[in-house]
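Q: Could you go through the helices of this one with me? I'd like to hear about their shape and then about how they pack.

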Amino acid sequence: MADSAKGVSAGFIAKNVQKKINRAQEKVLQKLGKADETKDEHFEQCVQNFNRQLAEGTKLQKDLRAYLTAVKAMHEATKKLSELLEEIYEPDWVGREVVHSISESGDLLWTDYHQKLVDQALLTLDTYLGQFPDIKTRIAKRGRKLVDYDSARHHYESLQGAKKKDDGKIAKAEEEFLKAQKVFEEINIDLQEELPSLWNSRVGFYVNTFQSIAGLEETFHKEMGKLNQNLTNTLNQLEQQHINKALPVKGTPSTPAQPEISNVSAPLEESPPGSPTVKNDNHVPVAVSPTPHAPPPIPKSPSQTMGQENISEVAGKAEVSAGSAALEVQAEPKHEVVENENEAGSPAVTTVIPNMVVETSAESTNGAVYDTVPTEESELPPGFQFKVRALHDYNATDTDELNLKTGDVVLVVTYENPEEQDEGWLMGIKELDWIQKKDLKSSRRVFPENFTERIQ
């Protein structure tokens, strides 16, 4: 029994091997022009349409998944922003419960929108593309059966045209020819009907898919707009509740502290330039002790210091002759300062620090920092264009895509073949990967441009 099964299996394998040999010989003869090939221009056009339809559907599927990833990322960002608003919204502020309700409703809207996009667009697209693999397999099978048909036809015609005819061989060749013809025509007829129908179905599918997406997005933004309007009204109420109300600051005295004046008749021996003085009842100038809450000195602009001495260091002690008050001025640390003017003519101060240049405005409070410029830059990869930072997480859906985490810095480089670049996609390598590996070829990937912002 086992020997019989092995014999059948061996015979089947030998038959398939023989078919492959015959097909290979037939294709060689056709390429050399020694054998004619059955052509069907209408079917070839249908196959071209099929391949185009499959490519368009696959790209649509990829972009729709990227859109859903962006929706999910936007949902998470909005949720965090709403949670922050609830956290900072104090209990005694008007509309606290309304803010909480708006936050919950917004979360539900985003979840519902994402789920409906999956159900009404992505799953429908997956079903649409699910029919292509089977048809593609049948197209390939038709091609093989067409070669078998041509080979059997040529063999039959050669036996008929031979000088010495063998009726037995001719009859067997005719039988194989008719059998190959029948198998080919069955597959060919089915595909001739299905391919044009599939090609025409794309119009209705695209219409339904994009109508669903547009309708869902329109409904979502209308509902979200209502929530945003409610939030705006609530914040307006909060503004009216606190308008023209001074907010108390803990630890601040209700009345300003008055300077203490030493009622001493003796004249002031010596006072540093710029020290405040008043006159007592005897009209004698005396020094005023600085209050303990005096703010630190703010660098003055050239216009403010005009007409005064340029003090580089103040040290020592000024004593009041009565001995009741003393003022100590500690030496100020030196700072390397360069003064210039900005475009509006206002003086500006540039403080030089090792490996860094910090520019501040002379009119800003306490010298706020506006810009920081490193003096050195790391080596950049070949084809570097600019830098971007990831605004959202992006999980790669293919091997040629780049995984992104919020905050990742990516060095954008040019494509090796510019024709391969898809609209909305960039080629790049993470800055950390480039610094560690310096291997552009193995680490660069494509990523969606709308998930990032340009920073340099």
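Q: Where is the kink in helix 5 centred?
A: In this predicted model, the kink in helix 5 is centred on Arg-202 and comes to about 25°.

Q: And how many residues does helix 5 have, and how far does it reach?
A: Helix 5 has 76 residues, and from its first C-alpha to its last it reaches 110 Å, which is close to the 112 Å expected at 1.5 Å a residue.

Q: What goes on at the start of helix 5?
A: There, Asp-166 places a side-chain oxygen within 3.1 Å of the backbone nitrogen of Gly-168.

Q: Which residue takes a positive phi just after helix 5?
A: That is Asn-244, whose phi is about 60°.

Q: Switching to helix 3, where does it bend?
A: Helix 3 bends at Val-118, by about 35°. Helix 3 covers residues 96-129, which is 34 residues, and its span from first to last C-alpha is 49 Å, close to the 50 Å expected at 1.5 Å a residue.

Q: OK, packing now: at what angle do helix 4 and helix 5 pack?
A: The angle between helix 4 and helix 5 is about 150°, and their axes lie 8 Å apart. Since angles over 145 degrees count as roughly antiparallel, helix 4 is therefore roughly antiparallel to helix 5. The crossing of helix 4 past helix 5 is left-handed.

Q: How do the residues of that contact of helix 4 with helix 5 divide?
A: In the contact of helix 4 with helix 5 there are 18 nonpolar residues, four polar ones and 11 charged ones.

Q: What about helix 2 and helix 5, roughly parallel or antiparallel?
A: Helix 2, residues 41-88, packs with helix 5, residues 167-242, at an angle of about 15°, with 10 Å between their axes, and the two are therefore roughly parallel to each other. Their crossing is left-handed, and the residues of this contact of helix 2 with helix 5 comprise 18 nonpolar, seven polar and four charged.

Q: Last pair, then: how far apart are the axes of helix 2 and helix 4?
A: The axes of helix 2 and helix 4, the latter being residues 132-160, are 12 Å apart, and the packing angle is about 150°. Helix 2 and helix 4 are therefore roughly antiparallel to each other, and helix 2 passes helix 4 in a crossing that is left-handed.

Definitions and conventions
Residues numbered from 1 in each chain as written. Predicted model: local features only at pLDDT ≥ 70, side-chain atom pairs only at ≥ 80, totals over all residues. Heavy atoms only, no water. Helix = DSSP H or I, 4+ residues; strand = E, 2+ residues; numbered from the N terminus. Expected span 1.5 Å × (residues − 1). Bend = angle between axes of the 7 residues up to and from the residue. Axes fitted to C-alpha atoms, helices over the stretch in contact; angles between N-to-C directions. Parallel < 35°, antiparallel > 145°, perpendicular 65-115°, else oblique. Left-handed = near helix turned anticlockwise from the far one by under 90°. Nonpolar A, V, L, I, M, F, W, Y, C, P; charged D, E, K, R; others polar. Polar contact = N/O pair within 3.5 Å; in protein donor to acceptor, adjacent residues only side chain to side chain.
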